[in-house]
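Here are my notes on the model you sent. They are set out as numbered points, to be read with the structure open.

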Amino acid sequence: MSFSFKGLIAAGLVGSLAGCTGSTDPETASLFDNIKNLNSGEYDRQIAEKDREAQAIIANNQASQRRIASKERQVSSNAGEISALRSRLSQVKAQAAAARAQVASDPAKAQRLNALEAQLSGIQSDVNAGAVSAATRSELNRVSAAISALTS
């Protein structure tokens with residue numbers, strides 16, 4: 001009886017082992033696969049790999065957040081610059097309007113003032129389009145200086 005009982009146990013073990021799928025996926029692995037994967041360190045390797053992936057995602061997200069913050073600072077800075085340029089543009093336009101009466105009797109100066117006002121319109125278009133540059137500011141200052149030269 002013991003021989004047949006041992007045979008039955010051996011057959012049961014063989015049958016149980018035959019049910020192993022060899023899966024390394026904890027969701028589909030059988031009990032024996034899970035034991036094998038735990039003992040071999042397969043699950044530790046999978047966890048370490050997922051941790052590396054998570055760290056890479058976190059690092060990428062942090063880099064993206066830094067880029068976004070930098071862009072937001074730039075937008076804020078540009079908005080301040082545009083506001084300052086619009087203010088300066090208004091001042092120069094007022095300067096041109098005041099100069100109009102002074103140059104009205106001189107057709108050459110009036111023509112030059114018309115050209116400078118057209119240039120101011122171009123600058124205004126650039127500023128309205130978001131142009132923020134030292135060149136825009138410099139051009140605005142040159143127009144102002146030219147208007148001053150017309151009236152002196």
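1. Overall make-up. This is a predicted model. The chain has five helices and zero strands, and along the sequence the pattern reads α-α-α-α-α. Of its 152 residues, 18% count as buried. Among contacts with a separation of 6 or more, 52% are between residues 24 or more positions apart.

2. Helix α4, dimensions and ends. α4 covers residues 107-128, which makes 22 residues. From first C-alpha to last it reaches 31 Å, close to the 32 Å expected at 1.5 Å a residue. The N-terminal end is capped by aspartate 106, which has a side-chain oxygen 3.2 Å from the backbone nitrogen of alanine 108. After the helix comes glycine 130, with a positive phi near 100 degrees.

3. Which residues of α4 are buried? They are Ala110, Leu113, Leu116, Leu120, Ile123 and Val127. These residues lie on the same side of α4 because they cover an arc of only 125 degrees around the axis. The face turned away from that buried side carries the exposed residues Pro107, Ala108 and Gln111. The cover over the buried residues includes α3 (42-103) and α5 (134-151).

4. Helix α5. With 18 residues, α5 reaches 26 Å from its first C-alpha to its last, close to the 26 Å expected at 1.5 Å a residue. Its buried residues are Thr136, Leu140, Val143, Ser144, Ala146, Ile147 and Leu150. Their arc around the axis is only 160 degrees, so they sit on the same side of α5. On the other side, Ala134, Ala135, Arg142 and Ala149 are exposed. What covers the buried residues of α5 includes α3 and α4.

5. A charged pair within α3. The count of salt bridges comes to five. One of them joins lysine 50 to glutamate 53, with the closest N and O atoms 3.7 Å apart. Both residues lie in α3, three residues apart, about one turn of the helix. Lysine 50 is exposed, at a relative accessible area of 52%, while glutamate 53 is partly exposed at 36%.

6. A pair between α3 and α5. Glutamate 81 forms a salt bridge with arginine 137, and the closest N and O atoms are 2.1 Å apart. This pair links distant parts of the chain, with glutamate 81 in α3 and arginine 137 in α5, 56 residues apart. Is glutamate 81 exposed, partly exposed or buried? At 27% relative accessibility, glutamate 81 counts as partly exposed. Arginine 137 also counts as partly exposed, at 33%.

7. A pair between α3 and α4. Arginine 100 forms a salt bridge with glutamate 117, and here the closest N and O atoms are 2.2 Å apart. The pair again links distant parts of the chain: arginine 100 is in α3 and glutamate 117 is in α4, 17 residues apart. Arginine 100 is partly exposed at 28% relative accessibility, and glutamate 117 is partly exposed at 25%.

8. Salt bridges that share partners join Glu42, Arg45 and Glu49 into one network.

Conventions. Residues numbered from 1 in each chain as written. Predicted model: local features only at pLDDT ≥ 70, side-chain atom pairs only at ≥ 80, totals over all residues. Heavy atoms only, no water. Helix = DSSP H or I, 4+ residues; strand = E, 2+ residues; numbered from the N terminus. Expected span 1.5 Å × (residues − 1). Buried < 20%, exposed > 50% of the residue type's maximum accessible area, 1.4 Å probe, protein only. Arc of directions from axis to C-beta. Contact = heavy atoms within 4.5 Å. Polar contact = N/O pair within 3.5 Å; in protein donor to acceptor, adjacent residues only side chain to side chain. Salt bridge = Lys/Arg side-chain N within 4 Å of Asp/Glu carboxyl O.
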